[in-house]
Amino acid sequence: MKLEGIHHVTCVTADAPRNVEFYAGLLGLRMVKKTVNQDDPTVYHLFYADEHGSAGSDITFFEYPGVPRGRAGAGMVHRITWRVGSEDALGFWEERLGAAGVGAERDDGRLRFQDPEGLDLELAQVETDEKPLLALHPDVPSEVALQGFDGVRVYSRQPDASRQFLDATLGFTAVSAPLEWEARGHERSGAYAYDEAPPERGRGGAGTVHHVAWSARMDEHEAWRERVARGGGAPTPVIDRFYFRSIYFREPSGVLFEIATLGPGFATDESPERLGERLSLPPGFEALREKVEPLLTPLPNPRERAGAQGP
Ligand code: ZN
């Protein structure tokens with residue numbers, strides 16, 4: 001039983017329209033689902049990914065309009081890294097980000113920058129046999145497009161405390177224990193690495209990561225729950241998120257983990273061609289549509305605009 005790398009990374013935004021412009025407009029990802037936070041259906045849960053909404057490419061945001069900026073600290077993800085295919089791709093993004101007024105720092109096969117709310121992001125040139133997970137954007141040639149996640153970096157004061165759990169319970173591979181790990185499945189892998197936590201306490205809020213989810217096969221999900229429980233991870237019951245099923249727990253360094261299933265996927269309630277165009281509400285929430293839709297912030301559709309202008 002192996003976790004197939006990262007499933008999704010979920011973050012917080014205070015400004016959904018600007019968030020859409022950045023991730024779907026500038027970074028060229030596809031908005032594959034526009035739904036509501038199942039724990040608070042008056043706010044959005046936005047999903048950006050490749051063209052198919054594949055696990056491994058999916059960055060999601062809870063929208064809390066006006067929430068203050070947070071700050072990553074011990075027990076939180078502080079950087080998200082996507083793969084790109086070449087040095088040329090890094091050059092393309094350095095220029096595209098710069099033209100949009102986003103400063104980026106290039107260093108040794110990597111390009112670091114921040115989203116509009118201060119979330120640390122990175123593109124890394126990575127040689128891999130894994131399938132590139134590409135979104136189509138008229139201004140982003142596919143040979144330079146983001147190819148899905150490479151991994152996340154987290155802050156910890158005591159990464160050694162997580163060693164046993166990552167190794168024996170989650171089956172992560174130590175790249176250089178206790179700091180660098182990898183969840184390597186049959187098809188995909190995802191990196192998980194620790195950095196020394198800053199002295200200030202972390203604080204959730206805009207521009208921070210809420211949790212990172214790892215991918216499991218549908219038929220192995222229950223078994224993962226049992227394994228996490230046996231390993232002392234105190235998992236939640238299995239929660240049906242409609243697009244996938246989930247369990248949540250904290251790894252010993254405090255980072256909120258989810259294990260999510262590789263199905264049924266985002267085309268469950270929309271055709272693959274129309275993903276993310278309308279507000280999707282899981283069956284239990286459909287009755288709220290009339291009440292909820294007028295409360296949600298109106299969102300731009302950068303893909304439509306870029307398409308209309310032509311390349
Ligand atoms: Zn999640």
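1. Strand S7 (residues 110–114) and strand S8 (residues 120–125) run antiparallel and are joined by 5 bridges. Strands here are DSSP runs of E with at least two residues, helices are runs of H or I with at least four residues, and both are numbered from the N terminus. Across this pairing, Leu111 stands opposite Leu123 in S8.

2. A word on the source: this is a predicted model, where local features need pLDDT of at least 70, side-chain atom pairs count only at pLDDT 80 or more, and totals for chains, interfaces and linings use all residues. Residues are numbered from 1 along each chain as its sequence is written, and side-chain values use heavy atoms, with hydrogens and water left out.

3. S7 and S8 belong to an open sheet of 8 strands with mixed pairing, in the order S6-S7-S8-S5-S9-S12-S11-S10; two strands pair if DSSP finds at least two bridges between them. At the edges, strand S6 (105–107) and strand S10 (173–176) each pair on one side only.

4. Helix H2 (residues 87–99) packs on this sheet, touching strand S5 (77–84), S6, S7 and S8; contact means heavy atoms within 4.5 Å.

5. Do look at the zinc ion: His8 (NE2), His211 (NE2) and Glu258 (OE) coordinate it at 1.9 to 2.0 Å. Donors are N, O and S atoms within 2.8 Å of the metal (3.2 Å for Na, K and Ca), and water is not among the atoms, so sites may look incomplete. His211 lies in strand S13 (residues 209–216) and Glu258 in strand S16 (residues 256–264), 47 residues apart.

Notes
Axes fitted to C-alpha atoms, helices over the stretch in contact; angles between N-to-C directions.
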